[in-house]
Amino acid sequence: MRTPRWKTLSGAALRVLAVWAVSSLTLLALAALLPDFRIQSPGGDSITRTAVTAALGAGAFGLLSALVWPVLVRALLLVPALVLGLLVFFLNGSLLLLALDLIPEDRGQAAPETAVIVAAAMSAASSATSAFLAVRNDEAYHRRLVRLAGRRRRPAVRGPEPAPGTLFLQLDGLGHDLLYDATRGERPLMATVAHWAATSHRLTPWHTDWSSQTGASQLGILHGSNEDLPAFRWYEKETGETVVSNRPTSAAELQRRAVARTGDGGLLADDGASRGNLFSGGADQLALVMSVAARRGRHNRSRAGYFAYFSDPANATRTAVSFVAEVLREIVQSLRTRLRKEAPRVKRGGLYPVIRAFATVVERDVVVAAVIGDMLAGRTAVYADLVAYDEVAHHSGPGHRDTHQVLRGLDRCVALISKAARHAPRRYRIVLLSDHGQSPGVSFLERYGLSLGDLVRAGCGLPVPRRAGRTRSGAEARQAARAALRRPEEAPGRHTSQPIVLASGNLGLVSFPDVAGRITREALDRKHPALLGTLANHPGIGFLLVRSEADGPVVLGPAGTEHHLDSGRVIGADPLAAFGDGAADAVRRSNRFPHVADIMINSAYDPATGAVHAFEEQIGSHGGLGGAQSRPFLLWPAELSAPTEDGEVLTGAERLHGVLRGWLAEAAGGTHEGAVQELRRETGRPAGSSPDTRTRPDKNR
């Protein structure tokens with residue numbers, strides 16, 4: 001939505017007046033401190049007269065800087081950089097002396113060496129003030145980013161218009177239904193996205209695999225295969241190591257495995273850029289990409305995005321001020337939830353306010369600036385991830401009012417990128433999508449007073465600590481912050497013969513390291529007779545997946561209910577019924593993974609409220625089946641081919657990879673259907689059913 005002209009002009013005028021006032025105050029302060037500098041007549045002046053003289057001097061210096069300085073710089077472009085750097089101070093001081101000469105009645109005087117100091121201080125003060133005022137002004141920020149990125153723009157090539165470029169912008173963790181609600185009403189939370197959905201774009205949900213989290217979704221989307229990725233974190237018996245999707249070394253290994261399986265570089269291999277993602281997608285241009293963050297030396301380009309952004313003082317000021325504001329906002333919001341005794345809630349103290357600000361401000365600003373630079377450079381394909389909403393929703397809840405400000409901020413980012421695209425050397429098609437949603441609900445520990453690990457230990461007859469330990473939350477943003485600061489990875493604890501229990505949202509994994517390979521149901525019953533019954537009959541657990549020697553993969557539910565995945569036989573009520581028609585296919589696919597855990601545990605799910613119980617300390621979670629977490633969105637330009645045929649459900653990140661690759665083929669002059677059919681042959685995914693389709697119907701607008 002275009003800002004009214006009067007509002008733009010009035011805002012610009014106020015910023016000019018503010019900079020003028022600060023410069024005048026700086027001039028007054030320097031006149032009081034420096035012996036060889038005065039802005040009074042030799043006989044002295046009143047305070048009012050001195051203030052007027054300072055305002056005149058500051059105004060004259062500002063006008064000369066605006067009018068004369070660009071001409072001087074252009075004339076000195078051939079001067080060596082070192083010489084030009086020294087000349088800057090001399091020329092700035094000369095402009096100040098000229099400005100003082102313009103003050104009537106000889107009220108301004110300064111020694112030449114003092115003029116250099118005064119000019120430098122005034123320039124710094126005015127620049128800092130301008131940057132500070134631009135913090136909340138997206139229009140000014142947009143103009144600055146376009147100007148800076150334009151310096152690196154590829155030279156225009158004469159000839160036919162180049163093929164359109166494609167930007168895939170991921171709004172991490174934002175479910176389809178919440179996006180739909182945020183684009184409705186007279187004053188929608190996301191006004192830009194609402195306008196797109198009503199005019200130029202079409203909105204539809206897609207459905208994740210059982211592991212509904214960024215690692216599985218992004219690996220499938222960017223590299224076409226998320227095979228053998230059972231959860232966000234899991235234990236591999238052959239190496240004795242825990243793999244964590246957003247740990248740099250783990251992300252690098254997962255990407256290597258995916259490329260080895262597909263034999264393909266990735267979605268972005270052809271002149272692509274990857275920004276803020278876990279994986280590179282085969283792109284040559286990288287910034288804030290976790291799979292290359294462990295590299296050292298000149299081959300690591302992931303952190304270059306931070307340097308490129310913060311090397312500009314105005315960017316650094318804008319982000320620093322927003323960072324502090326976000327930390328304060330989180331402290332106030334957290335205090336408000338405690339005073340109001342809202343439930344459910346989790347602890348939000350310690351470093352969390354800083355981690356939240358890193359995700360919602362630092363990563364956002366760096367990624368947006370990198371994307372704008374990519375478009376102005378004319379790159380063919382760009383995939384970027386904005387993690388702000390996901391981080392806040394984990395701790396406040398998916399639909400909580402704390403997330404509203406974040407959604408408005410993301411909408412401003414979309415608008416900023418869209419405006420910048422007008423200056424690009426090629427037309428861009430912008431696709432918005434998410435990698436998963438989030439399901440609300442009180443955590444397992446908060447609801448039942450013990451952790452999943454405690455429950456497993458009790459079922460195994462092992463001692464349970466009186467005070468249950470809390471699972472660290474905020475892992476995604478925390479790992480990104482550690483990578484940005486070059487902190488060493490957090491090493492997993494030493495594993496013993498006791499069961500290893502890991503949590504990925506509302507998906508739990510139990511492994512027995514002293515048993516080679518995957519333990520069977522029958523062996524478990526002999527080793528720990530009470531374990532499976534203890535887990536399956538707990539009210540906070542929806543179902544278990546185990547392997548039987550006699551029956552193959554079996555899903556266990558409460559009161560002896562079973563679903564045999566190979567034969568389709570169901571004993572009693574189907575334990576998967578509440579999770580949707582596609583739940584059996586999703587669980588069956590994960591069962592074939594070499595690194596699936598000995599016991600896979602999905603929390604209980606209430607279809608009436610959409611609530612689950614996270615095994616981590618989160619009140620908005622994702623990672624398993626149940627509710628909105630399995631139902632992210634896809635918002636694509638109407639000029640592109642529809643992602644599926646009418647009525648067909650788009651299921652799985654691997655199939656979504658085929659859709660996105662088809663759209664890139666369309667832009668290059670190929671056919672969408674050819675690319676999609678090729679990917680379907682590679683992945684062998686069914687075209688129809690999906691997990692948990694019992695939510696809001698598709699709204700294709």
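1. Leu167 stands opposite Val382 in β9. The strands β3 (residues 165-171) and β9 (residues 381-386) run parallel and are joined by six bridges. Strands (E, at least two residues) and helices (H or I, at least four) are DSSP runs, numbered from the N terminus.

2. On provenance: this is a predicted model, where local features need pLDDT of at least 70, side-chain atom pairs count only at pLDDT 80 or more, and totals for chains, interfaces and linings use all residues. Residues are numbered from 1 along each chain as its sequence is written, and side-chain values use heavy atoms, with hydrogens and water left out.

3. The sheet is open and has seven strands, in the order β4-β22-β10-β3-β9-β7-β8. Its pairing is mixed; two strands pair if DSSP finds at least two bridges between them. β4 (201-205) and β8 (285-287) stand at the edges with a single partner strand each, so one side of each has no neighbour in the sheet. Neighbouring strands are turned by 15° against each other on average, direction ignored.

4. Helix α13 (residues 352-376) packs on this sheet. α13 touches β3, β7 (272-275), β9 and β10 (428-433), contact meaning heavy atoms within 4.5 Å. The direction of α13 makes about 170° with that of β9. Axes are lines fitted to C-alpha atoms, for helices over the stretch in contact, and angles run from 0 to 180 degrees between N-to-C directions.

5. Helix α22 (residues 653-667) also packs on the sheet. α22 touches β3, β9, β10 and β22 (633-637). Its direction makes about 170° with that of β10.
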